[in-house]
Each structure stands twice: as C-alpha cells, then as structure tokens.
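Reader: Could you walk me through this fold, from the overall layout down to single residues?

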Amino acid sequence: MAGGAASRSLKIFVGNVPWTVGHRELRNYFAQFGKVSWAQVIFDRRTGLSKGYGFVSFQKASALDNLDATKKHTLEQNTIFFQPSE
C-alpha cells in the first residue's frame, strides 16, 4: 500500500449482520462512508444461511474515519459493529 495507508488496514470485519442481508446490501450500506472495493457476507456452505458476519474493504482510509464518526450503525433494525481486519 502507498503512503499512510500502509499502517492501517482498509478491511473491516462486520458483526451482527442480519440473516436477510446479502453482499449487495452490505456494500450499499457501507458505500455511504466511502468507496467500497468489495463486500462479502459469510454463508454456511452446508445450509446456505448467513453466519451473521462479513467483511468490507474500502479504497481509501477516509472511509474508516467516516465510519468512526458515526456512533451507531443499524442495518435492517440490527445494530451492527465493525473492527479492523487483516
């Protein structure tokens, strides 16, 4: 990575994702904070049901600052949380 982004991952883990949310909905929610490179909800291979978490990667570190500025994140009535991921 170039510049200051080298020390800060642009990928986050997202927890408490509603089972009704797919990749597109996750991407659309986080796109309001910055340009999303990719978003993925993790599904159980056997059942096909959501495991309730996912990952989002941003193109710029400013998106992470925008995320931090919002105290509560709600997606389909669920309060979701996030933390940096590798």
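Here are some questions and answers on the chain, its sheet, its helices and its core.

Author: Happy to! This is a predicted model, where local features need pLDDT of at least 70 and side-chain atom pairs count only at pLDDT 80 or more, while totals for chains, interfaces and linings use all residues. Residues are numbered from 1 along each chain as its sequence is written, and side-chain values use heavy atoms, with hydrogens and water left out.

Reader: In what order do the elements of the protein chain run from the N terminus on?

Author: Helices (H or I, at least four residues) and strands (E, at least two) are DSSP runs, numbered from the N terminus. The protein chain has 2 helices and 5 strands. Read from the N terminus, the order is β-α-β-β-α-β-β.

Reader: What is the radius of gyration of the protein chain?

Author: The radius is taken over C-alpha atoms, and the globule rule is 2.2 Å times the number of residues to the power 0.38. For 86 residues that rule gives 12 Å, and the chain comes close to this value, so it is as compact as a globular protein of that length; its radius of gyration is 13 Å.

Reader: Which strand order does the open sheet have?

Author: Two strands pair if DSSP finds at least two bridges between them. E1 (residues 11-15) pairs with E3 (residues 50-58) in the antiparallel sense over 5 bridges, and 5 bridges also join E1 to E5 (residues 78-85), again antiparallel. The open sheet of 5 strands has antiparallel pairing and the order E2-E3-E1-E5-E4. The edge strands, each pairing on one side only, are E2 (36-43) and E4 (73-75).

Reader: At about what angle does helix H2 run to E3?

Author: Axes are lines fitted to C-alpha atoms, for helices over the stretch in contact (heavy atoms within 4.5 Å). Angles run from 0 to 180 degrees between N-to-C directions. Helix H1 (residues 23-30) lies across E1, E2, E3, E4 and E5, at about 140° to E2. Helix H2 (residues 62-69) lies across E1, E3, E4 and E5, and its angle to E3 is about 130°.

Reader: Which residues have the most contacts inside the largest nonpolar core?

Author: A nonpolar core is a set of buried Ala, Val, Leu, Ile, Met, Phe, Trp, Tyr and Cys residues joined through side-chain atoms within 4.5 Å. E1, H1, E2, E3 and H2 each supply at least two residues of the largest one. Of its 19 residues, those with the most contacts inside it are Ile12, Val14, Leu26, Phe30, Val56, Phe58 and Leu67.

Reader: Does Ser57 count as buried or exposed?

Author: Buried means under 20% relative accessible area, exposed over 50%, partly exposed in between (1.4 Å probe, protein chains only). Ser57 sits in strand E3 and, not counting residues up to four places away in sequence, touches Leu10, Lys11, Val36, Ser37 and Trp38. With a relative accessibility of 12%, Ser57 counts as buried.
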